[in-house]
Amino acid sequence: MICSRCHTQTVTWRGPLTDLTHTECSHCGGVNCQEVEDDFDHDPGDCCPNCCGDGVVYSCFDECACVDPESGCDECERVCDWCKPRPAPAKAEA
């Protein structure tokens, strides 16, 4: 993994193999400083892998609670968080 502080590829997981606790850069000593890898290609020509470019996903779960669990219903429709993430809440000034 790449360190967000020194930009070297020296970040590794630390802790017992069955219970990894954190990452650490062996070059600068930074803890949990790895760059976040973004697997989603933000090219406008590509479809979102979560919603197939529709901009919405459906959380329909069974036929008892949903009108149309096979294709989704208006009651279960949610905005796709991958391609249309919610804006961060504004910070209140003190």
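Strands (E, at least two residues) and helices (H or I, at least four) are DSSP runs, numbered from the N terminus. This is a predicted model: local features need pLDDT of at least 70, side-chain atom pairs count only at pLDDT 80 or more, and totals for chains, interfaces and linings use all residues. Residues are numbered from 1 along each chain as its sequence is written, and side-chain values use heavy atoms, with hydrogens and water left out.

**View 1. H7, ahead of β1.** H7 sits in the segment before β1 (11-14). Its phi is positive, about 60°, although H7 is not a glycine. Most residues other than glycine have a negative phi. H7 is exposed, at 56% relative accessible area (exposed is over 50%, buried under 20%, partly exposed in between; 1.4 Å probe, protein chains only).

**View 2. N32, in a loop.** The loop between β2 (22-25) and β3 (56-58) holds N32. Phi of N32 is positive, near 50°, and N32 is not a glycine. N32 is partly exposed, with 48% relative accessibility.

**View 3. A nonpolar surface patch.** W13, L17 and L20 make this patch of about 370 Å². Patch residues have over 30% relative accessible area and no salt bridge; nonpolar side chains (Val, Leu, Ile, Met, Phe, Trp, Tyr) are joined within 5 Å, like charges within 9 Å. A salt bridge puts a side-chain nitrogen of Lys or Arg within 4 Å of a carboxyl oxygen of Asp or Glu. L20 belongs to the loop between β1 and β2. L20 is partly exposed, at 39% relative accessibility.

Key:
Areas by Shrake-Rupley, 256 points an atom, 1.4 Å probe, with all protein chains shown as cover.
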